[in-house]
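I opened the model to look up its charged side-chain pairs, then the sheet beside some of them. My notes follow in the order of the look-ups.

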Amino acid sequence: MKYLTLNLLTASLGALRDAARSGLNATAQQARHMYSGHHLGAPIGGGEMNFDYWRGPMVRVPDEGTEADKRRAQGVVTEFQMALRRSFTSTNVLREVVRRDVHSSSARMSWTLMQPSNRPSQDGTRTELEQEADALASSWWNASTEQAIRRALTFARREGRGVLRFRIASGLFQAGQDGVLRVKGNVTLADIARYVRLECLDHPENARIWEDPDTLNRRAVYAYQDAQERECVEVSTIADDTGLTHLRILRGDQQEAASVALDLGGHVHYLELAADSLITPQFLQNQMAYNTTSTMILRNTELAGFLERYGINVEPPYEVVPDPDRPGQTRRVYKAPRTGAGSMVLWRQATYRKADAQGKYLGDEPLGKAEYGRFEPVSPAALVTAAEHSQLNMYSEAGQVFVLMGKDATASGRSREVALVDFGTAREDTVTLAQNAVKGVISTLLALVAALANQPRRYAQLDVQGTVRPRVIPPSPEDRRADREDVAAGVISKATARQRQDIDDPAQEDAQIEKERVPSTPEVP
């Protein structure tokens, strides 16, 4: 907790770097790996994975035995690992449930701007400041902005935390005669907004954002490597005495830090999206069990088509090589057996030294008779049941059981409704997080653009509310009738009802309705 007392405006790069990094716990790290498709184990480079997430049987080199025995055992282990990598089968249910939760909770993002001191007129007209801010935000908002927010929501629901960062392109600034960077002259608010970008950090564990316990001012520290692979730290903090937001950037090969102070009305350049993680240890356990069972089903299928044969007390293939322990003599080196479907495994005949009553050696006597057979596949019913059980557990843990009902013809309509209600409850955190994210993004953007235009707090009096349209299935006629009744009773507004009915642009819809009401003028012959 040293970062709470750290002076961010004077601290060194090393101290700030240590303060920025928080690390990931084992559950969050595994969730990130599996979301990216690494289901067999953690990535180890070259596209390969280790076997950390495999829950099936493993062949290992024994601790006891001679070095020659261990080398032979290592050949078996290597062959087993190669066969497992070839046969490993997984279904990324983890990625599916996270994407469904995030995208269905933020199908459409929007916002409303209002001056609290302004009483809304009867005709719905807005003040000039509301229209100006709305036009500025709309011109800046684009698909990449929504993508950044959804990525941060994905981090939050997958690992518990995502971070958004505002970045200002250097092309907005020019150096004056005194060497100080300033915003280029003769640029409008919309021109400045074009140089502002919103990005989601790929490694939120390298950024720490907190609130000072005494002043309640926001602080943010982010450690990263730039394009030249230099160690960099970015600080965004609010000065307790002036209320200005200080942006400070330190680079490893530079003596002086680049800094600027802006009046952002209490905002910093970072937004933290935090929520309870959707991916729990129980979910991961079931994902690993599901992958193991799926792989065993495939191995069982391979065995059904290509039987694995074995031989006991049968001489396996070998080659004769010089014996390093006995010069001038040779010894047999048996090839490592290959296991799996379509293979033949031979076990060397076991013998014992036979001697007469006086102890005279009479030769080696075989133990047992030679046997030959094959491994038969088993019924896949138990494996299929186990896979379905793990799948049900995962969807139940995420509140998405309705997905399984989509292919179940026997599920009643009431059961589907209850399952959808469970899903709606499970994603309330995501909906709220998305609304707060949109509010924070628009509020920070307006404050940032106004400060860069030398018009600080121009939009400070505006109240910003983020809105999202969560939807899983289209509204039914009963839903639309209930919305109309709620509007008539004053329970919800027309804007809310239209949003629930998937109308993205209410203003355009009003204009079209008004246009259709006006009778067309007959043409004069």
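I searched the whole structure for salt bridges and got 21. The criterion was a side-chain nitrogen of Lys or Arg within 4 Å of a carboxyl oxygen of Asp or Glu. This is a predicted model, in which local features need pLDDT of at least 70, side-chain atom pairs count only at pLDDT 80 or more, and totals for chains, interfaces and linings use all residues. Residues are numbered from 1 along each chain as its sequence is written, and side-chain values use heavy atoms, with hydrogens and water left out.

Entry: Arg21 and Glu231. I found their side chains in a salt bridge, at 3.7 Å from N to O. The two are 210 residues apart, with Arg21 in the loop between α1 and α2 (26–35) and Glu231 in strand β10. I took helices (H or I, at least four residues) and strands (E, at least two) as DSSP runs, numbered from the N terminus. For burial I used relative accessible area: buried under 20%, exposed over 50%, partly exposed in between (1.4 Å probe, protein chains only). Arg21 is partly exposed at 39%, and Glu231 is also partly exposed, at 26%.

Entry: Glu205 and Arg32. Their side chains form a salt bridge of 2.9 Å, N to O. I placed Glu205 in the loop between β7 (196–200) and β8, and Arg32 in helix α2, 173 residues apart. Both Glu205 and Arg32 are buried. I also noted a network of salt bridges that links Arg32, Arg158, Glu159 and Glu205.

Entry: Arg219 and Asp212. The closest N and O atoms of this salt bridge are 3.5 Å apart. Arg219 is buried, with a relative accessible area of 8%, and Asp212 is buried at 10%.

Entry: the sheet. I read an open sheet of five strands in the order β8-β9-β10-β11-β12, paired antiparallel. Two strands pair if DSSP finds at least two bridges between them. β8 (207–211) and β12 (258–262) are the edge strands; each has a single partner, so one side of each has no neighbour in the sheet. The twist averages 10° from one strand to the next. Axes are lines fitted to C-alpha atoms, for helices over the stretch in contact, and angles run from 0 to 180 degrees between N-to-C directions.

I then checked β8 against β9 (residues 218–225): five bridges join these antiparallel strands. Glu211 stands opposite Arg218 in β9.

Last, I looked at helix α1 (residues 13–20), which packs on the sheet and touches β8, β9, β10 (231–238) and β11 (245–251). Contact here means heavy atoms within 4.5 Å. The direction of α1 makes about 75° with that of β10.
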